[in-house]
Amino acid sequence: MLAYLSMMAPRLVELRRVLKPTGSIYLHCDPTASHYLKMLMDAVFGPKNFRNEVIWRRTASKGLMSKRLSRNHDVILAYQISEDGTWNQDVVFTAYDLDALDEKTAGKYTHRDKDGRLYQLSDLTNPNPNRPNLTYEFMGLTKVWRWTKERMEKALRDGMVVQPSPGAVPRYKRYLDEQRGKPLTDVWTDIEPLNSQAKERLHYPTQKPEALLDRIIALASNKGDVVLDPFCGCGTAVASAERLGRQWIGIDITALAVALIKTRLRDAYGEKIRETYDVIGEPVSVADAEKLAKEDPYQFQFWALGQVGARPAEQKRGADHGIDGRKLFHDEKAGAKTKSIIFSVKAGHTDVSDVRDLRGVLDREKAEIGVLISLQEPTKPMKVEAASAGFYDSPNFGKFPRLQTLTIREILEGKAKVQYPSHGDVTLKKAPKYEPPAEEHPLLEFDAENKS
Ligand SMILES: C[S@@+](CC[C@H](N)C(=O)[O-])C[C@H]1O[C@@H](n2cnc3c(N)ncnc32)[C@H](O)[C@@H]1O
């Protein structure tokens, strides 16, 4: 915990430095760390700038625990740095549950019309006595009314005005089902975590639901503002900011996250989205790649696999031995077997034994294609060994070398690619395609021209 807090503290100071006076910071954590982080946040952002401790209930049902209650919430700490912090209080209301109304609402909406709709009678008189143009006679009473005479008469014609008894002050029928709902509080129970079937799920271990990020972004920023997620993972805040018409910056320490975000955006918006953002910090030359390989061989591997659209193989003990990554494809009719390409990534010296090893793994795994990605150029014996593995004969797409070698230089220059029946790549779970919202909604304000 101390190591974690020591990592977080200087980062919070930097986030404070780059936050605009109109900005907000939302820190998502679990109850084992939230109390320490709140003290850090108070120290960095100031206790008077504390706005909320949001409790996000994670699921509606949880199992019994033998020694304690099951843990079912996360904490989101919200701070701003000035009184000018953007706050769109009207954006989020939670819908009334008409079958289980809370006591206060049920006590207000006591009337029911012939269709069964609940309503309350609300005041039609104006609290301001000095409004000569709103002073007139209506249903036999001269008063200062809330609306103009025309509007009042229209409401009467529409059956929205009720005079409780002859001579009584008329009142307006306010229907419960036309209200925005209850104001949102700091306990959020209406956003489900991602389940295994969720369409947006990308199999990133800590992926958050977009609905959660949508809410925070809509409450605390306006269209065109910048959203920064300094621990962005597979880019939920990025996806949500993009959809809600905000600018965004995502930072993550792992190349896997960067690869996933690129794919997520491409799947939602098409190839052209890539022209609208920069990626900073990824290798763009062989020298960069060599540097990354020296500094962090795992990140090098994640990055190289990301370049060819492969996923890192899970490093479970005993499983997938000799495999660094996988890519899956379909080349038969829908529902037929999923086929696989296995990858071995070599940052250092490579020779013919690496090709032989990969060939052995290919046979053992019964994978269709194997690819050796290396920094070093393959030697002639390596090429000969690879060629001797023959071809994978796709039922519909012809022949593809079973064992392929690919260098980082070739990948960066775009000269060579993994050769496979590429029409049915199913490796990275696809993010759902962006669908413009059906109707205007404040959460989903967006710039349609840019997102066609
Ligand atoms: C809890 S996850 C974020 C998940 C994200 N909200 C999503 O929906 O995918 C935290 C992320 O922080 C990244 N991370 C860890 N230490 C970091 C650091 N020092 N700088 C930047 N990112 C870091 C991890 O790689 C991980 O992706």
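Of the 452 residues of the protein chain, 41% count as buried, a class that means under 20% relative accessible area, with exposed set at over 50% and partly exposed in between (1.4 Å probe, protein chains only). The model is predicted, so local features need pLDDT of at least 70 and side-chain atom pairs count only at pLDDT 80 or more, whereas totals for chains, interfaces and linings use all residues. Residues are numbered from 1 along each chain as its sequence is written, and side-chain values use heavy atoms, with hydrogens and water left out.

The protein chain exposes about 26100 Å², of which carbon and sulfur atoms supply 52%; these areas come from the Shrake-Rupley method with a 1.4 Å probe. The radius of gyration is 30 Å, while a compact globule of 452 residues would have one near 22 Å (taken over C-alpha atoms, with a globule rule of 2.2 Å times the number of residues to the power 0.38). Along its principal axes the C-alpha trace spans about 105 × 55 × 50 Å.

The secondary structure comes to 12 helices and 21 strands, which are DSSP runs numbered from the N terminus (helices H or I, at least four residues; strands E, at least two). Five of the strands form an open sheet with mixed pairing, in the order S15-S16-S17-S18-S21, where two strands pair if DSSP finds at least two bridges between them. Its edge strands, S15 and S21, each pair on one side only. S15 and S16 are antiparallel over two bridges, and Arg311 stands opposite Arg326 in S16.

| Element | Residues |
|---|---|
| Strand S15 | 311-312 |
| Strand S16 | 325-329 |
| Strand S17 | 339-346 |
| Strand S18 | 369-374 |
| Strand S21 | 403-407 |
| Helix H8 | 286-295 |
| Helix H9 | 297-307 |

Helix H9 lies across S15, S16, S17 and S18, running at about 140 degrees to S17; axes are lines fitted to C-alpha atoms, for helices over the stretch in contact, and angles run from 0 to 180 degrees between N-to-C directions. The axes of H8 and H9 come within 5 Å and cross at roughly 135 degrees. H8 is therefore oblique to H9, because angles under 35 degrees count as roughly parallel, over 145 as roughly antiparallel, 65 to 115 as roughly perpendicular and the rest as oblique. Their contact (heavy atoms within 4.5 Å) involves residues including Leu292 of H8 and Trp303 of H9.

Elsewhere, Thr86 sits in the loop between strand S3 (73-80) and strand S4 (93-94), and Thr86 counts as buried because its relative accessibility is 12%. Leaving aside residues up to four places away in sequence, Thr86 touches Thr22, Ser24, Gln80, Leu219, Ala220, Ser221 and Asn222.
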